[in-house]
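Please keep the sequence and the structure in view while reading.

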Amino acid sequence: EGDRALVGDPQALSRANRRFHRQVHLASHNRFLVQQLDLVHRSMALLATTSLSAPGRPKGTIEEHEAVVRAIEAGDGEAADAALREHISRAFATRLRLDAARDP
């Protein structure tokens with residue numbers, strides 16, 4: 001719910017997004033996953049913009065996070081996996097669109 005207040009601030013929402021992903025990964029107790037996430041975040045830090053600056057993406061991100069949390073709370077690993085995959089796919093597609101629009 002606190003993230004909804006950040007919808008108008010892509011940079012603040014991006015920081016909250018990183019915290020969310022880190023918490024999910026830490027909760028997995030999977031050291032490899034946590035290390036890979038750190039590598040991804042370092043790479044993402046090199047990008048000039050966040051996919052959360054795309055119109056409609058902030059709200060979509062929050063809804064996707066909520067789906068992940070609901071699945072985890074329900075103990076439904078398959079639903080959590082599907083929700084995370086969908087979230088990552090949508091973020092990646094948004095990133096590709098942003099990059100394509102920036103570099104014609």
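A residue counts as buried when its relative accessible area is under 20%, and as exposed when that area is over 50%. The model discussed here is predicted. His87 has a relative accessible area of 3%, so this residue is buried.

His87 sits in helix α4, which covers residues 77-102. Leaving aside residues up to four places away in sequence, His87 touches Asn17, His21, Arg57, Thr61, Glu64 and His65. With one of these, His65, there is also a polar contact between side chains, at 3.2 Å.

Helix α1 spans residues 10-27 and helix α3 spans residues 57-73; their axes come within 12 Å and cross at roughly 20°. Angles under 35 degrees count as roughly parallel, and α1 and α3 are therefore roughly parallel to each other. Their crossing is left-handed.

On the α1 side, the residues that meet α3 are Leu13, Asn17, Phe20, His21 and Val24. On the α3 side, they are Pro58, Thr61, Ile62, His65, Val68, Val69 and Ile72. By class, this contact comprises eight nonpolar and four polar residues, with no charged ones.

At the level of the whole chain, the secondary structure consists of four helices and zero strands, in the order α-α-α-α along the sequence. The chain has 104 residues, of which 28% count as buried. Among contacts with a separation of 6 or more, 61% are between residues 24 or more positions apart.

Terms used. Residues are numbered from 1 along each chain as its sequence is written. This is a predicted model: local features need pLDDT of at least 70, side-chain atom pairs count only at pLDDT 80 or more; totals for chains, interfaces and linings use all residues. Side-chain values use heavy atoms; hydrogens and water are left out. Helices (H or I, at least four residues) and strands (E, at least two) are DSSP runs, numbered from the N terminus. Buried means under 20% relative accessible area, exposed over 50%, partly exposed in between (1.4 Å probe, protein chains only). A polar contact is a pair of N or O atoms within 3.5 Å; within protein, one must be able to donate a hydrogen and the other to accept it, and residues adjacent in sequence count only if both atoms are side-chain atoms. Contact means heavy atoms within 4.5 Å. Axes are lines fitted to C-alpha atoms, for helices over the stretch in contact, and angles run from 0 to 180 degrees between N-to-C directions. Angles under 35 degrees count as roughly parallel, over 145 as roughly antiparallel, 65 to 115 as roughly perpendicular and the rest as oblique. A crossing is left-handed if the near helix is turned anticlockwise from the far one by less than a right angle, and right-handed if clockwise. Ala, Val, Leu, Ile, Met, Phe, Trp, Tyr, Cys and Pro count as nonpolar, Asp, Glu, Lys and Arg as charged, and the others, Gly among them, as polar.
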